[in-house]
Amino acid sequence: MASSEEAKLETFMQWLQANGVELRGCKIKWCDSKRGFGIFSDKDVSDGVMLVVPLDLAITPMRVLQDPLLGPACRAMFEEGDVDDRLLMMLLLTVERLRKNSLWKPYLDILPTTFGNPLWFSDDELQELRGTTLYRATELQKKSLLSLYESKVKDIVKKLLTLDGNSEIEVCFEDFLWANSVFWSRALNIPMPRSYVFPEMQDAHDICIREADEKNPKPIATWEVDGTGLASGVPFSMYLISAAQSPLQIDQEIYISYGNKGNEELLYLYGFVIDDNTDDYLMVHYPAEAINTISFSESKTQLLEVQKAEMRCLLPKTSLDNGFFPLNTQNSEENNKSKADKVCNYSWSGQRKMPSYVNKLVFPEKFMTTLRTIAMQEDEVFKVSSMLEELAGPERERQLSDTDVQSAVWEVCGDSGALQSLVDLLHVKMMDLEESSGTEENDLDLLKKTLIIDNHEDSKQCTSNLSTKSNDLEEPKLMTRNKWSAIVYRFGQKQLTRLFLEEAEHALQLSLGEEKVTSPC
């Protein structure tokens, strides 16, 4: 470990001890330039509590409002609605990063100075995301953050630094971008004990509360909150407790779970991806602005509003296990529950039969309902309107529900129009993905030939090593980790688009075949 990192860690350990942090079954040490510092198992502890941190060290909105420097000014802005709870914490991080004598300096010094999320990508790296949902989201987010910085944050931070006697310190957008990334990559949703928030009130239910969602995969450790001190021995604390089924190995790195997240969310918030991520998903949406260009747009818009239509959907990779071409990523039948009932109950006349493929359809019913409405032909619009008028009564004595409209649309239209629209949407999505970066096979070929570099020193070393291997038929392609992450993500998006397109096309063919045999009108 470099001497600078050793000095930072030594100062940080002293700061932890001075602020009442107890490392009972773990130690903190330097990993490498890519991962930074980590927590490792040090010894077995009988109660599983490895680390205890007083809640006073948690950066929370309340902590900001109580801060001697930031508190008065931030409280006024908070009460007027100028800042929300998240921005309060980002302001504290920004100011404390710039203050010369910050009380948080030992902690802030061990945090990364840059991040792997797309907001930190170079222009060249960002181009690898072209055609993906994340490319547009990153553009919009960076524009939004820059606007927020210029219109509000810059002046607030400058004002707070001036109050502290640091008026000469220059503030730049990267300081705020850093604070934003620290917040989103490290934020935990921790329920604070009521008696900690309101010291004058005691609550008998202030016992340890599990932070981790029980639906998430079993992590090595989870954070819990102890309001009374019964679990950790330290009242008003948060503690890291082992979740492993057996004792941890000495020097084993300790992780907490990020939850079941696809690469889109992992890259956007945390700056990393998982190769062949089973929790990956594809987002498909019907552009709202396109509604105005379709026939009978006004009538269809009214029907969509009554149905509380969803214009987008998430298609999890795992749902393909229940489709026509299963991937066998997991053995789950959850997505099949009540499918038949939902469709079967839609037919009022009994002429619209339940499709034979209903239990193999992997697309959410709410999104299918939206597409059925959008895809209606002229005669279908009139038939649906007629059915709904009859149901409402001559004096409109009955208020139509979303289920009434869904039932009428299903009765008249069936699935073929919706599935054709879905096929079209997926074709457009694939074209967007391939336009700038080629096919799924191109990405796979790139990934096979890639040598990842994490910093400038890696680049120099790899270039030197490659120059001595002149007999190799094809040299590996040097690539930054950010670029590699982008390609892994977009490859997964192309793969899922292809797989869900196959599902939609097959369902469409079955639907057309069955609707030729039986028609309700």
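Here are legends for a few close-up views of this predicted model.

**View 1. Ser-185 and its place in a helix.** Ser-185 sits in helix H8, which covers residues 173-186. Its relative accessible area is 13%, so Ser-185 counts as buried, the cut-off being under 20%. Look past its neighbours within four places in sequence and you'll find Ser-185 in contact with Phe-115, Leu-269 and Tyr-270.

**View 2. What the side chain of Ser-185 reaches.** The side chain of Ser-185 has a polar contact, at 2.7 Å, with the side chain of Arg-186. A polar atom of the Ser-185 side chain also lies 3.4 Å from the backbone oxygen of Val-182.

**View 3. The largest nonpolar core.** This core takes in 63 residues, and Met-50, Leu-70, Cys-74, Val-157, Phe-176 and Trp-178 have the most contacts inside it. Helix H4 (residues 85-98) supplies the largest share, with nine residues. Apart from this core there's another one, made of 32 residues, including Leu-304, Leu-315, Leu-422 and Phe-500. In soluble globular proteins, nonpolar side chains do tend to be buried together.

**View 4. Where to be careful.** The protein's mean pLDDT is 86, with 85% of its residues at 70 or more. Over residues 331-338, though, the pLDDT is below 50, and this stretch has six contacts in the model beyond near neighbours in sequence. Residues 340-345 also have pLDDT below 50, with nine such contacts in the model.

Notes:
Residues numbered from 1 in each chain as written. Predicted model: local features only at pLDDT ≥ 70, side-chain atom pairs only at ≥ 80, totals over all residues. Heavy atoms only, no water. Helix = DSSP H or I, 4+ residues; strand = E, 2+ residues; numbered from the N terminus. Buried < 20%, exposed > 50% of the residue type's maximum accessible area, 1.4 Å probe, protein only. Polar contact = N/O pair within 3.5 Å; in protein donor to acceptor, adjacent residues only side chain to side chain. Contact = heavy atoms within 4.5 Å. Core = buried A, V, L, I, M, F, W, Y, C linked by side-chain atoms within 4.5 Å. pLDDT = per-residue confidence, 0-100.
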